[in-house]
Amino acid sequence: DVPVPGAGGTRFDLEKETELRFEVEAGERVQLELLTGLAEVFGSELNRNKKYTFGPGSKIAVFTWQGCGVCLYGKTEVAYVSKDTPMLLYLNTHAALEQMRRLAERDNERGPRVMVVGPTDVGKSTVCRLLLSYAVRLGRRPTLVELDVGQSGVSVPGTMSALCIERPADVEEGFSVQAPLVFHFGSTSPGTNIKLYNKLTSSLAEVFSQRCEVNRKASVGGCIINTCGWVKGSGYQALVHCASAFEVDVVLVLDQERLYNELKRDLPHFVRVVLLPKSGGVVERSKECRRETRDEKIREYFYGFRGVSFYPHAFDVRFSDVRIYKIGAPSIPDSCLPLGMSQDDTQLKLVPVTPGRDLTHHVLSVSCAEDGEEGSRRGVVESPVCGFIVVTAVDTQAQVMTVLSPAPRPLPRHTLLIMDIRFIDLK
Ligand code: ADP
């Protein structure tokens, strides 16, 4: 009793270990329905006879281990079935990590800490999502560490974060983001302040290790670290730093043999460095496409995601009620640095920002640091953030700015950190 797809639907019958790849056209939506058999999207199982909706620009793979029949409704840019996927290798990787968790459980040790690296658009985030969903489906509680400041899967762009994974990613919306630990980085490229980037990587590692000490499940579950696609120069050094800060046991290198060889050479011998192919389905995204994804991520933060609408608040904030900082002063030649000060100090310095019209459209992080804590300057830089606001207007005469905020006034804290990132609120 196979249901017949309605008007406009296209049916695909997939053999075992194949996947249907499709992209949703700009301005369109596509629905996916599993008719027979079993299938999954990036590690999350599909329910039968439920229509999953994917928005414009989505790039999806429906993979089946056993074979299945699915139906697509709506306008796809491409839709094709591929027999050539690295899924078996990814599953084997998962199995090896699971074996490490079992041993950790038995021997009262910690579970695998895994760093996923590779250039942009090789499917790093997708591999992370897959491994996390498979682990959680077996009852594990792994942690996702998101270091990709350009395309964060956890919070708005310009942040670095950690999230305990308690259930598989939602097919349409990804991982449920409850109570993540988020740090303000401030821009979409680690290169704008590599010292801060490395510092926050260390902070995340420290918090994660502390959690592992008190939470056995978190310790056994281990972590999967998603990184940036910048793998040369300081970007490469940042990967080496991350490996050491988190004391990673496994590095998965996607698609780049050179990077694989470099890491094998530079990381301690007990770190297992594994080269994995990228999936042929991973689509290269243009700069424009990345920018749109970032914008969308901020919009979601304020307005919610499809089914769930949020209603953000707009209110005025007096300049005198807040303190706005930028992290990092522009670097100055070593010879001009005051005695006893190093370049590190300038990059981690809190620089007060005088509010003016150029604040308009900037995203600001609301620091969790207690008001008054900026006296201990390091306190603010290394404090997590409790949320974000966007400056929608500035009135220099009245000395107030209008902000868009997820919560009504007043702001929970008064120390704000400015991002390079702008968001134009069109609603
Ligand atoms: P990276 O993290 O390396 O930049 P992503 O994991 O974000 O790469 O993947 C880039 C894009 O490709 C994403 O939109 C993702 O949904 C898509 N994608 C990943 N794997 C596949 C696949 N097998 N088939 C189709 N699209 C895929």
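Two strands count as paired here if DSSP finds at least two bridges between them. Strands are DSSP runs of E with at least two residues, helices are runs of H or I with at least four, and both are numbered from the N terminus. What you're looking at is a predicted model, where local features need pLDDT of at least 70, side-chain atom pairs count only at pLDDT 80 or more, and totals for chains, interfaces and linings use all residues. Residues are numbered from 1 along each chain as its sequence is written, and side-chain values use heavy atoms, with hydrogens and water left out.

**Strand β8 and its partners**

- Strand β1 (residues 9-14) runs antiparallel to β8 and is joined to it by six bridges.
- In that pairing, glycine 9 sits opposite tyrosine 73 of β8.
- Strand β3 (residues 30-37) is also antiparallel to β8, with seven bridges joining them.
- Here valine 30 stands across from glycine 74 in β8.
- Tyrosine 73 has a charge over its ring too: lysine 51 lies over the face, 4.4 Å from the ring centre. For this, NZ of Lys or CZ of Arg has to be within 6 Å of the ring centre and within 35 degrees of the ring normal.

**A five-stranded open sheet**

- Another piece to look for is an open sheet of five strands, in the order β5-β4-β7-β2-β9, with antiparallel pairing.
- Strand β4 (residues 40-41) and β5 run antiparallel and are joined by two bridges.
- Glutamate 40 faces glutamate 45 in β5.

**Around threonine 85**

- You'll find threonine 85 in the loop between β9 (76-82) and α1 (87-107).
- Threonine 85 is buried, at a relative accessible area of 19%.
- A polar atom of its side chain lies 3.2 Å from the backbone nitrogen of methionine 87. That's a polar contact: a pair of N or O atoms within 3.5 Å where, within protein, one must be able to donate a hydrogen and the other to accept it, and residues adjacent in sequence count only if both atoms are side-chain atoms.
- Leaving out residues up to four places away in sequence, threonine 85 touches Glu19, Arg21 and Phe63, with contact meaning heavy atoms within 4.5 Å.

**Aromatic pairs**

- The whole structure holds seven aromatic pairs. Rings of Phe, Tyr and Trp (its six-membered ring) pair if their centres lie within 6.5 Å; planes under 30 degrees apart are stacked, over 60 edge-to-face, and the rest tilted.
- Phenylalanine 63 and tryptophan 65 are edge-to-face, because their ring centres are 4.6 Å apart and their planes stand at 75°.
- Both phenylalanine 63 and tryptophan 65 are buried.
- Phenylalanine 185 and tyrosine 197 are another edge-to-face pair, 5.7 Å centre to centre with 80° between the planes.
- Phenylalanine 185 is in the loop between β13 (181-184) and α3 (194-214) while tyrosine 197 is in helix α3, so this pair ties together parts twelve residues apart in sequence.

**The ligand**

- The ligand is surrounded by 17 residues, the closest being Lys59, Lys124, Ser125, Thr126 and Arg285; near means a heavy atom within 4 Å.
- An N or O atom in the side chain of threonine 126 is 2.6 Å from a ligand oxygen atom.
- A polar backbone atom of glycine 281 is 3.2 Å from a nitrogen atom of the ligand.

Note on methods. Buried means under 20% relative accessible area, exposed over 50%, partly exposed in between (1.4 Å probe, protein chains only).
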